[in-house]
Amino acid sequence: MLDFVLMIIIVLSAILALIQKDLLKTAILTGFSGGALAVLFQILLAPDVALTQAIVGAAIIPIFIALAVKKTQRSDS
Amino acid sequence: MNELIPLMVIIPIIAALLISAFSKFNTISKILAFVVAICLPVIAIASNYGLHYFGGYEPILDNVTGITYHPAIVYSFTFLQQIFIAATGLLAFLVIFIYLAKYRKVSGPYLFLLFMGTASVTAMLLTDDIFHLFVFFEILALAQVGIVAASSIDYSYEMALKYMILGSIGSPIMLLGIGFLLALTGSVNITDIVYAVHNGLVDSKSPVFLISLGLIFFGWLYASGLPPFHTIKSGIYSKAEPHGAALLQSFTVISMISIVLIMFRIYSSLQIFEVLIVFFSILAMILGVSLALTQTDFRRMIGFLAVGELGFIGLGIGLGTQFSITAGLFQALNEIIITALLFIGFGAIVNATNEVDTRKLGGLLFYHPKVALMLLIGGLAMAGVPPLSGFQSKLMLVQASLNCGYPEISILAIMVSIATFVVFVKTYYSIFLKPKPKDLDVENKQVPKTMIFAMAILLIIVVLFGVYPDVVTNGISNFVGGIL
Amino acid sequence: MAQTQLAVLFTSTALIIIGLYSAIFIDNIIKKIIGISFIEEGVNLFIVAIGYKSGGIVPILMPGMDASWFSSNSAYPLPFGLVLTSIVIGASTLAVMLAFVMVLYKRYGTLSTKVMLADTSKKEEYDE
């Protein structure tokens, strides 16, 4: 049951990230999607991949995007 | 000495890291770069043919099914790999030599990119593991982007970012194709995959197999800059420094042939595979030459001509006989050398005049006669004039397409060669022979001696292959006989 | 359950399609790059799903396990190893692209792709 919920979270947060007007929210929602993906990898019997994805997808990528947004502009226009 | 096989990849990577780390010490990094660059072609020539199993994991024979598995990454080194690695190594040496002589203070990161790119194409040629190929394909894409972005030409950042965005769409799609193959065969070793496909363990009519072909083919189109990616590919050539562009086009050619040979081994049983390759190659030939005709920037012109020449390689491989594949691979080797010669030669002109628009140039024959002569021979070789190397490979291609029963293709190939000649002569006339425009300032500007030296070495190889093509074609033909 | 594997395949397809859509049609360059990272995540998910075995165990051989029982019940670990590399490649590519965006933003003052990555030959004519 948990896996289906996770898949819905992944797809929904991916779509929501792309329709935000505020790019900082986009960064946070990308992190949601990556984190849920990490848990899904754990359920799919790949604990090593899950660890890497948790660090990269839930922490590093959102931080990179947030830094880029901070250096550029916050609104999508 | 089989131990040298992995060193061909490891030495440039270590050199790249060391130079990048010690880039503060200018002299040390210059000497290190020069020594390693000389080593690159020498290692390839000194090494013996053979296989190298990483970690010492030899193939395992399954006693129940009688199938051999390869548990580790395998590098295979034959005559084909040797000649192409030696050619790239030589080119990398010349490019690094030009770069070291041009600047008093060298940039560590730029040398890092040059060495990393060379290492990754070497690994792509050697590897027998499709995922290993993908990893180096990504490293190569990053190195190419870096080489373009490091140039001082206007709008190089925009072009680099554009190339990178296209690349990051293209390479996951290729990875998806590899994933499909992995799902079908349970292995990423190409020999295992080929065994499974040819012995009926995989249904070669199944849609999944076809989808994997389509996805990997898309990645190949991106890697080799065939249409629809021809504009971006010629764009990155024109935005890189001339010596960088000479190396970039060799990276393109080698990644093209290494991926297409792997695809050929896996998918050669499918009829549609050869049709696809021939179709895109002909498209590249026609589009490349006709777009080259309309350019006023001569770097861009050479870029489009280089894309058009890639079509000849694809044509040879797409026809699928032993003779035609030999011709295609020989054409690839010639193109690496001839296009590098043209890029370096035109780069010398940019160096001397700071002008790239053919409409504003003219009358340079009396100022730079050596460059003019060598460029003329290079252009004639590209167009396929005897007794130069381009003639030999194009003649073989025309014969191959006649043997296969496609006279239309051979006529088309001859027409594209003539069109290439026209484009080249038009540009050559407007740069060297036309009366000099009044506002063009060419006094007191010398062409660097290193560029003349590099062009002379490449020219010697062009003439050598033109007179004695058998030196190379016999060995390539043996290799092709092995994979058919 | 084979259901899980099928659902995972659907999810990865959805991620790839969302990513392709945003990489091609969205004008904002940062969202375009995020779309590209979604494509990569979708492909990674697909490759992990290949190795998954419903009702299987994590492919780590613990002491005391029978080797033949292990090999028939564990998931297939080769795709997992590939995905590890692929995740790291994706993150580094993303970082390089964002660095380019930061440099180009200083020059143009906008994140719009139409302005930033317009055909360079037209820009050069405009400069003249």
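In this predicted model, 21 residues of chain B are in contact with 24 residues of chain C, two residues being in contact when their C-beta atoms, placed from the backbone, lie within 7 Å. The elements that give two or more residues to the side of chain B that touches chain C are helix H5 (130–149) and helix H6 (156–185) of chain B, where helices are DSSP runs of H or I with at least four residues, numbered from the N terminus. H6(B) gives the most to this side of chain B, with 16 residues.

By class, the side of chain B that touches chain C has 16 nonpolar, two polar and three charged residues; Ala, Val, Leu, Ile, Met, Phe, Trp, Tyr, Cys and Pro count as nonpolar, Asp, Glu, Lys and Arg as charged, and the others, Gly among them, as polar. Among the two pairs of chains that touch, the most contacts are between chains A and C, whereas chain A and chain B do not touch, their nearest C-alpha atoms being 15 Å apart.

Residues are numbered from 1 along each chain as its sequence is written, and chains are lettered from A, and ligands numbered from 1, in the order in which they are written. Local features need pLDDT of at least 70 and side-chain atom pairs count only at pLDDT 80 or more, while totals for chains, interfaces and linings use all residues.

Helix H5 of chain B also holds Leu133(B), which is buried, with 23 other C-beta atoms within 10 Å (buried means 20 or more such atoms, exposed 12 or fewer, and partly exposed in between). Leaving aside neighbours within four places in sequence, Leu133(B) is in contact with Met124(B), Thr127(B), Ser258(B) and Ile262(B).

Further along chain B, the axes of helices H13 and H17 come within 9 Å and cross at roughly 150°, the axes being lines fitted to C-alpha atoms over the stretch in contact and the angles running from 0 to 180 degrees between N-to-C directions. That makes H13(B) roughly antiparallel to H17(B), a term for angles over 145 degrees. The residues of this contact divide into 14 nonpolar, two polar and no charged, and the table lists those that each helix gives.

| Helix | Residues of the helix | Residues in the contact |
|---|---|---|
| H13(B) | 322–353 | Asn334(B), Ile337(B), Ile338(B), Ala340(B), Leu341(B), Ile344(B), Gly345(B), Ala348(B) |
| H17(B) | 449–467 | Met451(B), Ala454(B), Met455(B), Leu458(B), Leu459(B), Ile461(B), Val462(B), Phe465(B) |

Note on methods
Angles under 35 degrees count as roughly parallel, over 145 as roughly antiparallel, 65 to 115 as roughly perpendicular and the rest as oblique.
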